[in-house]
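Let us walk through this structure together, one piece at a time. Have the sequence and the 3D view at hand as you read.

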Amino acid sequence: MLIGAGDREHVREEAVRLQQIIPQYAELVHVDLDWKSELSEIDADFAIVLGGDGSLLAAARSMGHRQVPVAGVNMGKLGFLAEFSPEEMCAELPNICRGDCFVIEHMMFRCRVFEGEDLIGEAIGLNEAAILGGPPFQIQTIDLYVDSKLATTYNCDGLIVSTPVGSTAHNLSAGGPILRADLHAFVVSPISPHTLTVRPVVDTAERTYEIRVTGAEANLSVVVDGRVLARLTPELRVVVDRAEQRFKRIAIASHNYYRTLREKLGWGGRIDNGR
């Protein structure tokens with residue numbers, strides 16, 4: 001299937017080009033450039049996603065319990081997950097259709113919101129679950145429990161629980177570490193903590209992470225991959241753990257993780273002292 005963000009520049013014209021090329025190598029069973037369909041209901045062997053990393057997050061969300069391998073074509077700016085250029089996609093399409101490629105599985109997470117024992121909200125995600133506030137933008141007191149045991153209490157502007165894939169997104173902007181994308185772990189990163197000794201923590205994905213907010217304002221929210229899951233109050237608790245689903249990314253031999261870091265994030269390089 002061919003999906004993407006049709007409102008982005010050049011996506012529709014690239015989709016037209018691929019719709020002419022794909023039938024030479026495979027059956028094109030579905031096209032959606034407006035996010036109108038439930039991708040979990042589409043019977044396909046793999047998906048080509050046109051757009052940026054946000055488009056891949058949207059595709060993973062729409063696929064839900066039925067994740068198929070995805071080849072991301074970068075039509076945006078960074079494209080950390082969408083690693084194929086349009087030219088590479090056209091060149092590699094015959095190989096992908098023959099199975100001459102790699103499928104790398106990445107962990108996803110499940111985020112649930114409870115009031116007492118009642119489940120009031122649930123979503124799966126690929127990047128992160130974040131506790132974020134709005135006006136009046138005051139410091140928050142956030143308790144973190146790991147496997148039902150109190151780990152710490154943060155005084156901060158918010159909190160991010162990120163997967164390895166999401167470690168190069170909001171987590172990185174908040175000063176968190178980069179985790180290799182195929183690891184099975186979570187990184188917990190406070191946003192602007194009031195205590196200098198508070199630092200991000202990396203722990204195994206086998207654990208369950210529970211977040212409670214003391215004195216939460218009405219506009220404090222839990223946000224999963226950029227979408228608000230629920231507004232938080234002190235009566236609610238947020239539980240994050242590893243999902244059964246895996247995000248499946250199509251890759252080729254010429255691409256590797258450190259090349260992506262180097263080229264997409266400008267990681268490393270020499271200091272030329274202005275020369």
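We start with Arg-17, which is partly exposed because its relative accessibility is 33% (buried means under 20% relative accessible area, exposed over 50%, and partly exposed in between, with a 1.4 Å probe and protein chains only). Before going further, please note that this is a predicted model, in which local features need pLDDT of at least 70 and side-chain atom pairs count only at pLDDT 80 or more, while totals for chains, interfaces and linings use all residues. Residues are numbered from 1 along each chain as its sequence is written, and side-chain values use heavy atoms, with hydrogens and water left out.

Arg-17 has a partner: its side chain meets that of Glu-14 in a salt bridge, 3.0 Å from N to O. A salt bridge here is a side-chain nitrogen of Lys or Arg within 4 Å of a carboxyl oxygen of Asp or Glu. Side chains of opposite charge can pair when their charged atoms come close. Both residues sit in helix H1 (residues 11-21), three residues apart, about one turn of the helix. Helices (H or I, at least four residues) and strands (E, at least two) are DSSP runs, numbered from the N terminus. Glu-14, at 8% relative accessibility, is buried.

The structure holds 13 salt bridges, and another of them links Arg-249 to Glu-83, with the closest N and O atoms 2.3 Å apart. Arg-249 belongs to strand S16 (residues 236-251) and Glu-83 to the loop between S4 and helix H3 (86-98), so this pair ties together parts that are 166 residues apart in sequence. Arg-249 is buried at 12% relative accessibility, and Glu-83 is buried at 11%. Elsewhere, salt bridges that share partners join Glu-117, Glu-210, Arg-212 and Arg-237 into one network.

Now turn to the strands. Six of them form an open sheet in the order S12-S11-S10-S7-S14-S15, with antiparallel pairing; two strands pair if DSSP finds at least two bridges between them. At the edges stand S12 (201-204) and S15 (227-231), each with a single partner strand, so one side of each has no neighbour in the sheet. Within this sheet, four bridges join S7 (residues 128-132) to S10, and Ile-131 stands opposite Leu-159 in S10.

S8 pairs with S9 in the antiparallel sense over seven bridges, with Ile-142 opposite Tyr-154. These two strands form a hairpin with two residues between them, and Asp-147 in the turn has a positive phi of about 50°. S8 is also joined to strand S13 (residues 209-214) by six antiparallel bridges, where Val-146 stands opposite Tyr-209.

Asp-157 is partly exposed, at 38% relative accessibility. Leaving aside residues up to four places away in sequence, Asp-157 touches Ile-131, Gly-133, Ile-139, Gln-140, Ile-191 and Ser-192, where contact means heavy atoms within 4.5 Å.

Finally, Ala-169 lies in the loop between S10 and helix H4 (170-173) and is partly exposed, with a relative accessible area of 25%.
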